Amino acid sequence: MNKKIMFIIPNLTGGGAERALVNIYEGLRNYKNYELFIVLLQNLKNYEISDENLIIIDTPGSKNLLLKLKNFIKRLYSLYSIKKRIKPDICISFLESADALNLLTKQRNQKIILSIRSYMSKLFKEDYSKSIFKYLLRIIYSSTYKVLVNRADLIICVSRAVADDFRSFYNVDNNKIKVIYNPIQIDVIEELKQEPLNEYETIFEQPVLITSGRLTKAKGHWYLIRAFKLLKEKSQKLKLVILGKGELKDYLIELSENLGLKTFVWDRNIFSNNYDVYFLGFQKNPFKFISKAKVFVFTSLWEGFPNALVEAMACNVPVISTDCKSGPREILAPTTNYSYQTNKPEFSEYGILLPVFNSIFKYADEPYIDEEKVFADILYSLLENEKLRQSYAHKAKERVEDFRIETIIKEWRETL
């Protein structure tokens with residue numbers, strides 16, 4: 001008899017949690033002893049996925065607290081009804097709102113798994129504190145977790161640092177926590193990176209730095225743009241490509257332009273290869289861009305497990321990253337103490353780790369801070385050192401094998 005497994009997530013737009021779910025879902029589909037379902041709380045999909053056994057609770061997101069509460073009640077009732085009808089053996093939820101709903105709708109003989117993908121204490125402190133509305137959500141979600149979390153049968157964390165943080169933040173029984181890293185479809189990436197760039201090909205006639213991720217506070221893109229401005233003083237031909245969409249789009253574009261950088265925006269400008277910074281928006285295939293860059297740059301302020309970093313390594317590109325909580329150290333320096341954070345440049349085994357920035361927004365007329373200057377200096381050194389770049393590119397390809405989907409799916413199967 002097949003085991004029924006239900007995945008629950010707010011939507012399938014272009015984020016790390018969404019990509020991880022799709023990878024896990026596709027990996028498990030290769031085995032005949034599972035019957036898989038995906039429940040979306042919103043009718044939003046950027047990933048191509050089979051509509052077979054895809055269930056959509058079509059409740060749009062809202063910034064109005066009353067509408068959000070109304071949507072939550074509708075989702076709660078709908079999910080309970082869906083579970084009652086399908087009778088899944090295991091329900092696995094991704095992201096905070098889906099976790100709360102999964103826990104509240106737990107039914108008899110049903111196992112609940114939470115997939116924890118963020119450094120929760122940092123997430124709630126930073127991302128859920130920027131408005132009264134977000135602060136109220138922080139209270140609701142955090143309180144719900146503390147009350148309900150022990151109803152979960154298992155909590156799968158995407159890094160060891162995330163596991164430690166979650167354990168201490170919610171005082172969870174250590175026996176309920178397991179660490180499974182995100183899977184990467186290396187063979188798929190290898191194929192997708194061969195696709196042509198068409199008009200964008202000319203960008204890469206010059207040396208390019210690239211990054212990929214939502215334009216949100218957590219990614220710290222403004223530090224990258226300011227460090228890039230410093231780099232342009234030494235390397236006039238250098239270009240910066242930013243892949244992703246998000247709420248900080250206007251702020252980041254304004255910052256780039258105020259720094260005197262000629263800035264291309266995917267939904268605004270006519271393309272040419274004469275720009276300094278290219279905002280190319282969400283790309284279904286980021287790998288064809290990343291694979292042609294000189295260096296992948298990651299300036300995150302906090303993470304869970306940064307898919308984009310590992311995927312860049314799978315593209316055979318050297319990486320440089322902040323040593324944020326959590327993930328980069330476990331990926332790039334796996335033999336070191338994962339709870340340590342560097343305060344100086346660290347040329348680790350599989351990439352370069354740099355001190356994490358603070359989370360204060362910066363503007364064009366503000367003096368450069370030491371961390372930005374160091375970031376620019378190390379980037380310039382890496383760009384000028386072909387031997388070092390090739391060494392890190394080779395080591396990146398070696399390290400990424402540890403996250404191959406076939407290996408990670410074995411861990412999921414043993415768990416399920």
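A residue is called buried when its relative accessible area is under 20%, exposed when over 50%, and partly exposed in between (1.4 Å probe, protein chains only). By this criterion Phe289 is buried, at 1% relative accessibility. The structure is a predicted model, in which local features need pLDDT of at least 70 and side-chain atom pairs count only at pLDDT 80 or more, while totals for chains, interfaces and linings use all residues. Residues are numbered from 1 along each chain as its sequence is written, and side-chain values use heavy atoms, with hydrogens and water left out.

**Aromatic pairs**

A pair of aromatic rings is described by the distance of the centres and the angle of the planes. Rings of Phe, Tyr and Trp (its six-membered ring) pair if their centres lie within 6.5 Å; planes under 30 degrees apart count as stacked, over 60 as edge-to-face and the rest as tilted. The whole structure contains 22 aromatic pairs. Two of them are set out below.

| Pair | Centre to centre | Angle between planes | Class |
|---|---|---|---|
| Phe169 and Tyr170 | 4.9 Å | 80° | edge-to-face |
| Tyr200 and Phe289 | 5.8 Å | 55° | tilted |

Tyr200 lies in the loop between α7 (186-192) and β8 (208-212), and Phe289 in helix α10 (residues 287-290), so this pair ties together parts that are 89 residues apart in sequence. Helices (H or I, at least four residues) and strands (E, at least two) are DSSP runs, numbered from the N terminus. Tyr200 is buried, with a relative accessible area of 15%. In the other tabulated pair, Tyr170 is buried at 5%, whereas Phe169 is partly exposed at 27%.

One aromatic cluster is formed by Trp222, Tyr223, Tyr251, Phe357, Phe361, Tyr363 and Phe375.

**Charges over rings**

A charge sits over a ring if NZ of Lys or CZ of Arg is within 6 Å of the ring centre and within 35 degrees of the ring normal. The charged end of Arg413 is placed over the ring of Tyr31, 3.8 Å from its centre. Arg399 lies over the face of Tyr350, 5.8 Å from the ring centre.

**The second largest pocket**

The lining of the second largest pocket comprises 17 residues, of which Arg19, Tyr47, Val188, Leu192 and Lys284 are the closest to its centre. α1 (16-28) and α7 are the elements that give two or more residues to this lining, and α1 gives the most, with 4 residues. A pocket here is an open set of points on a 1 Å grid over the protein atoms alone, where a 1.4 Å probe fits, with protein on both sides within 12 Å along at least five of seven lines; lining residues have an atom within 4 Å of a point.
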